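Work through each task before you read its solution.

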Amino acid sequence: MTYIDKLTEEYETILKLFIYDDAVDEAIARAQTFSQNVIEIDTSPEEIVSLHIQMLNHLHINDGEEIKKSLEILEEVMISFGFTYRDYRAMLNQINHHDQELDVAANVQQTMLKSSIPSIENTQLGAISVAASKVNGDYFTILDKRDGKVGLAVADVIGSGIPAAIAMAMLKFSLELSHLTYRPNRVLEKINTLVEKNINKNMFITMFYGVYDYNNFELNYSSAGHEPAFIYRYEDDVFETLNTRGLVLGVIEDVSYDEDTVKLNDNDMIFIYTDGVSELRKHDGSFIDMEDVKYMIRDNRDKHPQDIVQYLYENLTRMQDQTRKDDLTMLLIKAKS
């Protein structure tokens, strides 16, 4: 006997209990259970009415009073459908409201957080940032510090929606206020204090921030729990990891961050990215091997950085399980004397 057959048999039993045996309470209780069971298998109200008519014919119910009683038990079954429909409408309204919030957050990002890639001397830059949904939890910016220097920031907000967009805006304005005055580690300390005091306690930010001197090919940098950047040495054909570490932004107020300096030679490249790259899930469910990313960079090392990050993005997208997408950001700096 199939599951549908069992449900049909159960409905017949319910009708008999209610109409012939006068077992009202038992019939109603079983009708409520029956209703939940048929809802779970996506049975429509029209199908239940059709079943009811079939049962009337099967049981030869022609008497007006008996038909009336049968409609009473049908009403009990349909009540649950009514609750389910109202829940469904409430869910749709909530989804629509949520979508409106996401639209607001997306507009905030487009208005306030749009980043451009400047042209600077002795250096080529490439960047790409793609959101997994309407609101991007990643952020990058390149800030002019004058005197032959630029600030480079890549951040990832652990959160979503309007709160994430607000946190990003706060991050941007804090950067713009502090990047001309402080060294990278002090910039992170200033931002951490602001973030810890003003954003949701369940929301944190990872961030890599550096100051690049494009006349001397030097990068001073600090990291707040962010994915470790690495440098590709063109002449030696090797990769080196930039290992400064620090607590993510927003956990506790008083945090100190380490700072380090790396010197680039001609055609060397620095690759900064978010966990949308390093934690990318492939079609078989496994994580990407960052050695594969390094291989792609090495294989395209003579191209412009913008062409390289575009190539990376297209290849990562092809190998990614699209049901497990995350925000993805890459920033690539190449020294060109």
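Predicted model: local features only at pLDDT ≥ 70, side-chain atom pairs only at ≥ 80, totals over all residues.

**Exercise 1.** Find which helices supply at least two residues each to the lining of the second largest pocket, and which class of residue the lining holds.

*Solution.* 
- Step 1: Start with the pocket itself, whose volume is about 150 Å³.
- Step 2: Look through its lining residues, among them Ile-4, Phe-34, Glu-47 and Leu-51.
- Step 3: The largest share, four residues, comes from H3.
- Step 4: Sort the lining by class, which gives seven nonpolar, three polar and one charged residues.

**Exercise 2.** Work out where the partners of the salt bridge between Glu-259 and Arg-183 lie in the chain, and whether Arg-183 is buried, partly exposed or exposed.

*Solution.* 
- Step 1: Check the contact: the side chains meet at 2.3 Å, N to O.
- Step 2: Locate the partners. Glu-259 sits in the loop between strands S7 and S8, and Arg-183 in the loop between helices H5 and H6, 76 residues apart.
- Step 3: Read the accessibility. Arg-183 has 47%, so this residue counts as partly exposed.

**Exercise 3.** Explain why the salt bridge between Asp-237 and Arg-298 ties together separate parts of the sequence.

*Solution.* 
- Step 1: Note that the closest N and O atoms of Asp-237 and Arg-298 are 2.8 Å apart.
- Step 2: Asp-237 lies in the loop between S6 and S7, while Arg-298 lies in helix H8, so the pair joins parts 61 residues apart in sequence.

How values were computed
Residues numbered from 1 in each chain as written. Heavy atoms only, no water. 1 Å grid on protein atoms, 1.4 Å probe; cavity = no way out; pocket = protein on both sides within 12 Å on 5 of 7 lines; lining within 4 Å. Points joined across faces, edges and corners; volume = space filled by probe spheres on them. Nonpolar A, V, L, I, M, F, W, Y, C, P; charged D, E, K, R; others polar. Salt bridge = Lys/Arg side-chain N within 4 Å of Asp/Glu carboxyl O. Buried < 20%, exposed > 50% of the residue type's maximum accessible area, 1.4 Å probe, protein only.
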